[in-house]
Amino acid sequence: MQKFCKTMIVYSTNTNFNYQADNQDDEPKTPAPEKQKLYVGIDRRQRAGKQVTVVSGFKGQVSDLEELGKALKNKCGTGGSVKEGVILIQGDFRDKVVTTLQNMGYQAKRAN
């Protein structure tokens, strides 16, 4: 992933000029689990009738979302993925996912 500086200096005639890039991450820091409201639902669309548990509402870094997805998949003993800021878990594990998230400190509830 490429990051672009907000100030783009193309050329300088100053021989003493020293360019210093802004090394701040543009990705927001992940809030504490207690401050996150996660919604757990079920989806059957475009999946040949198979059910997928969907966890949405996560705010923070993608790496933290992937870690959470991995933990939920391990707890449910099934496969899944993390796509577009949403955790997808194969099968109907709404109740198990909600209790697991609540035990981890997240504010989680069933969406439907």
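Author: V54 has its bridge partner in β4: L88. The two strands, β2 and β4, pair over three bridges, in the antiparallel sense. Strands count as paired if DSSP finds at least two bridges between them. Helices (H or I, at least four residues) and strands (E, at least two) are DSSP runs, numbered from the N terminus.

This is a predicted model, in which local features need pLDDT of at least 70, side-chain atom pairs count only at pLDDT 80 or more, and totals for chains, interfaces and linings use all residues. Residues are numbered from 1 along each chain as its sequence is written, and side-chain values use heavy atoms, with hydrogens and water left out.

Strand β2 covers residues 52-56. How much of β2 is buried? Four of its five residues are, so the strand is largely enclosed by the rest of the structure. Buried means under 20% relative accessible area, exposed over 50%, and partly exposed in between, with a 1.4 Å probe and protein chains only.

A contact means heavy atoms within 4.5 Å. D43 lies in β1. At 14% relative accessibility, D43 is buried. Its side chain has two links to R45. A polar side-chain atom of D43 lies 3.2 Å from the backbone nitrogen of R45. For such a polar contact, two N or O atoms must be within 3.5 Å; within protein, one must be able to donate a hydrogen and the other to accept it, and residues adjacent in sequence count only if both atoms are side-chain atoms. The side chains of D43 and R45 also meet in a salt bridge, 3.5 Å from N to O. That term requires a side-chain nitrogen of Lys or Arg within 4 Å of a carboxyl oxygen of Asp or Glu. Side chains of opposite charge can pair when their charged atoms come close. R45 is exposed at 65% relative accessibility, whereas D43 is buried.

Helix α1 comes next. Its buried residues pack against β2, and also against β1, β3, β4 and α2. They are L65, L68, G69, L72 and C76. These residues cover an arc of only 100° around the axis, which puts them on the same side of α1. The arc is that of the directions from the helix axis to the C-beta atoms. An α-helix has 3.6 residues a turn, so residues three or four places apart point the same way. On the other side of α1, E67, K70 and N74 are exposed. The helix has 15 residues, 62-76, which should span 21 Å at 1.5 Å a residue; its end C-alpha atoms are 21 Å apart, in agreement. The expected span is 1.5 Å times one less than the number of residues. G77 follows α1 and has a positive phi, near 70°.

Back to β4, the strand that holds L88. E84 is not a glycine, yet its phi is positive, about 50°. E84 is exposed, at 83% relative accessible area.

Now the other salt bridges. The whole structure has three. R94 pairs with D92, the closest N and O atoms being 3.1 Å apart. R94 is buried at 13% relative accessible area, whereas D92 is partly exposed at 37%. R110 pairs with D95, with closest N and O atoms 2.6 Å apart. R110 lies in β5 (107-110) and D95 in α2, so this pair ties together parts that are 15 residues apart in sequence. Both are partly exposed, R110 at 38% and D95 at 48%.

Last, the whole chain. It has two helices and five strands, in the order β-β-α-β-β-α-β along the sequence. Of its 112 residues, 24% are buried. Among contacts between residues at least 6 apart in sequence, 50% join residues at least 24 apart.
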